[in-house]
Each structure stands twice: as structure tokens, then as C-alpha cells.
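Subject: Structure for you to look at

Hello,

Here is the structure I said I would send. Please have it open while you read the notes that follow.

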Amino acid sequence: MLKYTLRRIVSGTLVLGIVSAIVFSIFYILPSDPARLACGKSCTPDLVARIQVALELDQSLPVQYGRFIKGIFVGRTYLANTDAARECGAPCLGYSYQTDQPVTLLLMDRLPATLSIAVGASILWLLIGLSSGILSALRRGTWIDRTSQGFALAAASLQIYFVGLILQFIFVDKLAWLPMPGYTSPFDYPLDWAKQMVLPWVTLAFLLSAIYSRLTRSGMIETMGEDFVRTARAKGLSSRDINIKHVLRAAMTPIVTVFGLDLGSLLGGAVITEYVFNIPGLGKLATEAVTNLDLPVVTGTVLFAAFFIITANIVVDLLYSVLDPKVRLS
Amino acid sequence: MGKTASAVVGAPIEGRSPSRMAWDRLKNDRTAKISAITVGFIFLLALAAPIFTWIIHTTPDQFHPETLDPTFGTNPVGKLGGISSQHWFGVEPRTGRDVFLRFAYGARTSLSIALSATALATIIGVLVGLISGFFGKTVDLVLTRTMEIILAFPSILFALAITPVLENALEGWGVPTGNATRIPVMIVVLSMFGWPYIARIVRGQVISLREKEFVEAARSIGASRTHLVFKEILPNLWAPILVTVALNIPTMITSEAALTFLGAGVIDPTSDWGAMLLASVPFYSVDPTYTFIPGFGLFILVLAFNLLGDSVRDALDPRSSR
């Protein structure tokens with residue numbers, strides 16, 4: 001188990017290294033004038049010249065990339081030995097000249113909002129998806145099953161940016177039951193935080209629970225016909241024990257996979273959700289950075305998101321062995 | 001193989017190929033019929049868009065300030081976003097452009113980008129899957145690693161970020177900016193992230209077919225590798241490929257709309273459903289009709305494609321259940 005875990009972490013780090021190299025080359029080499037882009041739309045020639053030096057465009061690409069990677073581990077100082085020196089502590093993911101802040105600081109500033117959306121929404125969609133799926137599987141063919149699966153099918157074809165705007169129109173603008181979505185710290189104003197998060201949570205959960213409901217239902221129905229379930233029944237276990245401990249557990253494997261991928265990509269920035277509800281999270285930071293062509297921030301957010309996706313993949317693989325006794329790690 | 005007796009009493013026994021049986025199953029599927037008609041209807045709307053400009057006597061880009069509230073000059077006059085006999089779906093706030101025409105022309109943009117991206121992703125995916133599965137060893141290792149790396153990319157974020165950078169780079173090489181470059185860039189970016197899913201499925205199928213007797217037989221009589229891959233293995237894969245394509249189209253449609261909605265896709269004056277939704281954001285509380293029309297259109301189109309994809313899968317693989 002330990003050996004497998006270590007091997008997965010090593011290969012994950014390798015993938016992340018390659019992803020970062022690709023992202024780095026694309027965003028620093030492809031533009032005709034990276035310094036001009038990094039500087040932004042309202043930029044002085046003086047600043048462009050300084051950024052040109054700071055980005056070390058005179059160096060070769062491997063040297064630039066090497067220094068970038070080194071910065072992640074030990075930090076670095078941009079424009080060292082000049083009066084415009086900028087300190088960027090480890091883990092340094094670059095320096096945003098447009099906002100005059102280290103990228104890591106910007107990311108950490110936006111992480112809580114994204115974390116709030118992702119964690120709240122994922123709890124909600126798991127609850128809705130699993131319970132409606134279990135209900136459908138146990139009451140197969142009844143109106144309950146048909147209604148919940150019909151809903152799931154429709155929800156799977158809906159878009160966050162459409163449902164989000166419609167829900168916001170109904171609950172914020174017309175009924176005024178909820179405030180405009182946004183982000184306040186849950187530690188200072190827990191009630192305001194929850195009220196502002198309700199719409200993003202519900203929208204995301206409504207759309208994403210669909211796939212969980214369908215997966216739970218089909219997985220459980222499939223497992224119900226297996227021999228080990230018949231054995232459990234023959235042993236005299238209660239149907240509650242059979243359904244939860246045996247059937248649901250076996251049906252969990254594909255759900256864990258999808259959940260890991262969904263949560264991983266959400267943590268890297270719920271791009272569309274944050275954009276629709278105007279929530280200052282990582283996804284919003286990324287869209288702002290793209291609009292302003294703030295390349296260091298763009299690179300930083302993409303790498304940060306890739307980190308979450310790769311980590312989620314590793315966690316999912318490890319969870320398999322816990323959930324499914326048939327899986328032996330080699 | 002594939003000869004099944006018809007069970008109808010009195011009818012002569014008739015041999016039916018597996019594809020014929022799948023087609024028969026699809027024809028008897030009511031959901032498939034309804035969703036196919038819906039998809040066909042939207043295609044027809046997209047194709048017939050120029051005819052409507054001739055019927056309504058306006059173009060999707062023409063401003064109609066007379067349809068807007070004169071006090072502020074932004075909101076449409078009349079209920080439901082200014083729906084009238086002249087403007088069937090109302091008019092756009094601030095410009096007064098006809099929403100029905102923008103919807104019809106938008107369907108053209110959305111569908112052509114999504115279908116091109118699906119086609120490109122399928123070609124790359126099938127080729128890579130065939131090569132990776134058939135040749136194995138180092139080739140397979142390199143290709144599967146490549147897929148793994150692409151799947152580790154935060155696709156929406158990356159696509160969003162790459163568009164302006166690519167545009168800037170192309171501008172530096174003297175290519176004019178605007179939709180003429182944005183649309184090809186979008187197609188390439190969407191298919192870049194779409195092909196690994198197809199390749200993985202094809203690869204899995206090829207690995208199980210590679211060792212089958214008919215391939216062995218062809219190999220033993222000296223068939224070339226190209227013949228084995230394209231003439232022996234590929235014809236056996238059309239069912240899984242068809243299912244993947246059918247289920248890939250709705251994903252491409254929504255990704256295209258999402259990218260455009262986030263501002264990295266098609267830009268004005270070209271109409272697009274994602275662009276219409278984006279344009280409706282500042283007005284959603286005063287003119288919800290304008291948000292509703294492209295959003296609902298997208299929902300119906302994606303739902304129809306999803307249902308059709310499910311039906312195709314069920315028809316081709318009778319063992320699969322919903």
C-alpha cells in the first residue's frame with residue numbers, strides 16, 4: 001500500500017512537472033511580446049522595460065523554467081539588486097506586475113471562496129444524488145423512480161450559467177429571499193456567508209447530482225443481481241444491511257471516481273459558477289487575469305488547478321482499494 | 001454470424017445483419033424518434049436562417065432603436081422582451097437586434113463549431129487509439145502518457161487562457177484577429193481536450209480485438225499492418241465509435257457555449273448561443289426573456305442529443321440498460 005502510494009505520488013509529480021513545462025512554454029514563449037502582455041493594458045514603457053528584465057527574457061527557456069521551478073521550492077527575488085526589487089516567498093508561482101503582488105498571495109486570497117463553493121456544493125450534491133439514486137433503485141419502476149430519473153436526465157442537460165441566472169432572477173430579484181451571491185468570511189459572519197452561498201451551492205448541486213443519481217441507481221441495480229448479494233440474503237441479513245453494506249458499497253466505485261474528478265476540478269476554480277454569481281474565487285481570478293492578460297496569474301491559476309486535478313486522481317485511486325475488496329494494488 | 005430468425009408467425013424467415021437489427025431497434029424507440037426530430041428541427045432552423053431574414057425583412061445585425069423604451073433607450077418596449085409579430089422572440093436590449101434571427105444564426109455558429117470539434121477529436125482519437133492499441137509497447141506507453149497529461153489539464157481554464165495568448169501570437173505573425181481566427185482556435189482547443197476520451201475507448205477495444213482469430217488469420221496470410229488496422233480491426237469498431245461521437249456532440253456544444261460565455265469564444269457581431277447568454281447577463285433582471293431564449297434552446301438541444309446518444313447506445317448494445 002505504501003509502495004503504491006509513493007509510486008502514484010511520484011508519477012503524479014512527474015505529470016505536474018510536464019504540465020507546468022507545457023503551460024510555462026506556451027504562456028511565456030508564444031506571445032509576441034510577453035513583457036508587454038504581462039504589463040497589462042494600462043502600462044508605461046518604463047514598466048515594460050523593467051518587466052523585460054524581471055521576466056529574464058534574455059535567458060534561454062530552460063533557464064527561465066528552471067528558475068521558475070526553483071522559486072516554487074525556495075522562493076525568489078524579482079529585479080534583485082535594483083530599487084524595484086520584489087520579494088516572492090516560497091512557494092513562488094510568479095509575480096503579477098499588474099497588481100504588484102506575488103501570484104501565490106493572490107491565489108491564497110481567492111482560495112477560501114472557491115473552497116466554500118466546492119465543499120458546500122459537493123456535500124449537497126452527494127446527499128441529493130445518492131439518496132435519489134438509492135430510492136430509485138429500491139423503488140425501481142415506480143413513479144418515484146421515473147420522476148427522479150426524469151429530473152436527473154433533464155438536470156444533466158442544463159447549464160450552470162442558464163440555471164444560475166434564472167434562479168438568481170427568481171430568488172434574489174423577484175422574491176428577495178436571498179441576498180446577491182458573494183463571499184464573506186464564514187468566521188466573521190457565518191449567517192451572511194451561508195446566505196450568499198446558497199444559490200451557488202443549490203445550482204451546482206442541482207446540475208451535478210444528476211450524474212450521481214443515475215450512477216447510484218444503475219450501480220445498485222446491477223449489484224442486486226450478483227451472487228454475493230444472494231448469499232447475504234441467504235445468510236439472513238436484513239435487507240437494510242444488504243442494501244447499505246453490500247449493494248451500495250459495491251456501487252460506490254464509479255461514484256468515487258466521478259466525485260474525485262468533479263471535486264478536483266471545482267477546487268481549481270469553479271470558473272463558470274464564480275463568473276455567473278460574481279464570487280471572488282480562483283476561477284474569477286483566472287477569468288480576470290485572462291481578460292487583463294496578466295500572464296503570471298494565468299499560469300499560476302492553471303498550474304494550481306492542475307495540481308488539484310492530479311491530487312484528486314491519486315486520492316481516488318487509493319480509495320478504490322478501500323472500497324472495493326476485489327481491487328488489489330500492485 | 002448475425003443471422004437471426006424473425007419471430008413473426010407466417011412471415012418467411014429473413015436474415016438480418018447486426019446493423020440492420022440495431023437500426024430496427026432505434027426506429028422502434030419513441031424517445032429516439034422524438035429527440036431525432038428535435039435535433040433535426042434545430043438543424044433546419046440553422047440552415048433556414050437566411051430565409052427568415054427575407055421573411056422578417058431585417059438582418060441579425062440590424063439595430064432597431066424604435067423597439068426600445070425611449071426614456072432610457074435600453075429596454076425593449078412591450079411584454080416578454082418585446083415579443084411581437086415582427087420580432088417573434090423579442091429584441092435585444094440596448095441595440096434592438098431581432099432575437100429570433102440571432103437565435104437562428106447562433107444555432108449555425110454553435111452547431112458548426114461543436115460538430116467540427118467533434119469531427120476533429122474523433123479523427124485524432126480513433127487514429128491514436130488504433131495505433132496505441134495495435135502497436136503496444138513504447139508507442140502505447142508514450143501515447144497513453146500523453147492522454148494522461150492532457151486529462152490532467154484544467155480544460156476550461158486552459159482553453160480560456162490559451163485563446164487570447166494564441167490570438168496574440170497569431171497577430172504577431174500577421175494573422176488578423178477576430179472571429180476568423182477565434183473560431184478555428186476554438187475548434188482546435190476543444191478537440192485537443194476531446195480526443196483522449198475517444199482514444200481511450202478505441203484503444204481498449206483494439207487491444208481485445210488484436211488477438212482475435214480473424215486478425216490472426218489475416219496476419220498469417222501476410223496482410224500488411226495497415227491492412228490489419230484499417231481493414232480488419234477498424235470495421236469492427238464503428239459501433240463504439242458511433243456511440244462515443246453521439247455522446248460527445250452535446251459535451252462539445254456545452255463547452256463551446258461555456259467558453260463563449262466566459263468571453264474566450266465567438267465575439268460580436270457574429271451570433272452564438274453562448275454569446276447571447278453572455279450579452280443577456282447585464283439585463284437578466286429587467287429582461288429575463290432574453291436570457292431564457294438561448295438558455296432554453298441550449299437545454300433542448302443538449303437534452304435531445306443526450307437522449308439520442310443513449311438510444312443509439314441501447315440500440316447497438318442490447319445488453320446495456322439505462
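A:Ala176 counts as exposed, because it has 8 C-beta neighbours inside 10 Å. The model is predicted, so local features need pLDDT of at least 70 and side-chain atom pairs count only at pLDDT 80 or more, while totals for chains, interfaces and linings use all residues. Residues are numbered from 1 along each chain as its sequence is written, and chains are lettered from A and ligands numbered from 1 in the order in which they are written.

A:Ala176 sits in the loop between α7 (160-174) and α8 (190-224) of chain A. Helices (H or I, at least four residues) and strands (E, at least two) are DSSP runs, numbered from the N terminus. Although A:Ala176 is not a glycine, its phi is positive, at about 55°. Most residues other than glycine have a negative phi. A:Asn278 is another non-glycine residue with a positive phi, near 55°. A:Asn278 lies in the loop between α11 (271-277) and α12 (282-292) of chain A, and is partly exposed, with 13 other C-beta atoms within 10 Å.

Now to chain B. It has 12 helices and zero strands. Its C-alpha atoms fill a box of roughly 80 × 65 × 30 Å along the principal axes. Of its 322 residues, 43% are buried. Helix α8 (residues 213-220) of chain B lies largely in the open, because the number buried among its eight residues is zero. Just after α8(B) comes B:Gly222, with a positive phi of about 90°.

How do α7 and α10 of chain B cross? The axes of α7 (residues 179-210) and α10 (residues 238-261) of chain B come within 10 Å and cross at roughly 155°. Axes are lines fitted to C-alpha atoms, for helices over the stretch in contact, and angles run from 0 to 180 degrees between N-to-C directions. The two helices, α7(B) and α10(B), are therefore roughly antiparallel (angles over 145 degrees count as roughly antiparallel, under 35 as roughly parallel, 65 to 115 as roughly perpendicular and the rest as oblique). Residues of α7(B) that meet α10(B) include B:Leu190 and B:Ile198, and those of α10(B) include B:Ile241 and B:Met252. Two residues are in contact if their C-beta atoms, placed from the backbone, lie within 7 Å.

The contact between the chains takes 36 residues from chain B and 37 residues from chain A. On the chain B side, α5 (137-152), α6 (155-172), α10 and α12 (288-316) each supply at least two residues. The most come from α6(B), with 12 residues.

Last, the largest nonpolar core has 158 residues, and B:Leu160 and A:Ala286 are among those with the most contacts inside it. A nonpolar core is a set of buried Ala, Val, Leu, Ile, Met, Phe, Trp, Tyr and Cys residues joined through C-beta atoms within 7 Å. Helix α4 (residues 99-135) of chain B gives the largest share of this core, 16 residues. Leaving aside neighbours within four places in sequence, B:Leu160 is in contact with residues including A:Val271, A:Ala286, B:Leu259 and B:Ala264.

Regards

Methods
A residue is buried if 20 or more other C-beta atoms lie within 10 Å of its own, exposed if 12 or fewer, and partly exposed in between; C-beta atoms are placed from the backbone.
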